[in-house]
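Me: I'm new to this one and would like to walk through it step by step. Can you show it to me first?

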Amino acid sequence: PKFKGIPEETKAELAKTLDQVSAKSAAVREGVGKSALKDGERKVLLAKVSHADRLVSFVRSSHGDHNIYLASEAIRRADRALTEAEGKAGVEAADLSSLPLVSGAYCATLCHQGLGVKVPPEKVKAFGKVMPHKSHAEMMGCVKCHDIGTHKSVPLRKGVKSKCAECHQP
């Protein structure tokens, strides 16, 4: 009974996210097509958009809710490809970085919240200091610092300490 509603919420969040990634893809494809880029550059960027479209199609057709970790990774890769093409073409498209399946916050929003599990914790010990984990997660998303592999497997990314140094003086 405590899992009631989670599969439906997961499917709905996945469908909403895929629709937003598809809309971003269409906007980037149109912008790249209208850009003043040379044909070779345009072709490379359109290939990135096509790659993103294939990832979205894969998640849609494979029932991504059955492996939300793989679905989220594919969605993040699609978004990264679109964001790269967008930047190189000078196109503006939607920023999807705050969506749970892009930011990595889907564990907390789709499952743990409903089950009463507190994720992320308010504070954690990292690099010999106590840090306000929850506020960092809300500000940057989970995937800035963590690799999300499978259930309960969210190790720190390699070199994450250098990410901290971008904002904090050593």
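Me: Among contacts between residues at least 6 apart in sequence, what percentage join residues at least 24 apart?
Reply: Keep in mind that this is a predicted model. A contact here means heavy atoms within 4.5 Å. Take the contacts between residues at least 6 apart in sequence, then pick out those joining residues at least 24 apart, and the share is 62%.

Me: What share of the residues counts as buried?
Reply: Buried means under 20% relative accessible area. The protein has 170 residues, and the share that counts as buried is 35%.

Me: And what part of the accessible surface belongs to carbon and sulfur atoms?
Reply: Start from the total, which is about 10700 Å² for the protein. Of that surface, carbon and sulfur atoms have 58%.

Me: Let's look at helix packing. Are H2 and H3 roughly parallel or antiparallel?
Reply: Helix H2 covers residues 39-61 and helix H3 covers residues 68-89. Their axes come within 9 Å and cross at roughly 160°. Angles over 145 degrees count as roughly antiparallel, so that is how H2 and H3 run: roughly antiparallel.

Me: How many nonpolar residues are in the contact of H2 with H3?
Reply: H2 passes H3 in a left-handed crossing. On the H2 side the contact includes Leu45, Val49, Leu55 and Phe58, and on the H3 side Leu70, Ala74, Ala81 and Leu82 are among the residues. By class, this contact has no polar residues and four charged ones, while the nonpolar residues come to 15.

Me: Which residue has a positive phi although it is not a glycine?
Reply: Go to the loop between H2 and H3. The residue there has a phi of about 55°, and it is His63.

Me: What about H1 and H3, are they roughly parallel or antiparallel?
Reply: Helix H1 takes in residues 6-34, and its axis lies 10 Å from that of H3. The two helices pack at an angle of about 20°. Angles under 35 degrees count as roughly parallel, so H1 and H3 are roughly parallel.

Me: How many polar residues are in the contact of H1 with H3?
Reply: H1 passes H3 in a left-handed crossing. The contact includes Thr10, Leu14, Thr17 and Ser25 of H1, along with Ile75, Asp79 and Thr83 of H3. Its residues divide into twelve nonpolar and three charged, with the polar ones numbering four.

Terms used:
Residues numbered from 1 in each chain as written. Predicted model: local features only at pLDDT ≥ 70, side-chain atom pairs only at ≥ 80, totals over all residues. Heavy atoms only, no water. Buried < 20%, exposed > 50% of the residue type's maximum accessible area, 1.4 Å probe, protein only. Areas by Shrake-Rupley, 256 points an atom, 1.4 Å probe, with all protein chains shown as cover. Axes fitted to C-alpha atoms, helices over the stretch in contact; angles between N-to-C directions. Helix = DSSP H or I, 4+ residues; strand = E, 2+ residues; numbered from the N terminus. Parallel < 35°, antiparallel > 145°, perpendicular 65-115°, else oblique. Left-handed = near helix turned anticlockwise from the far one by under 90°. Nonpolar A, V, L, I, M, F, W, Y, C, P; charged D, E, K, R; others polar.
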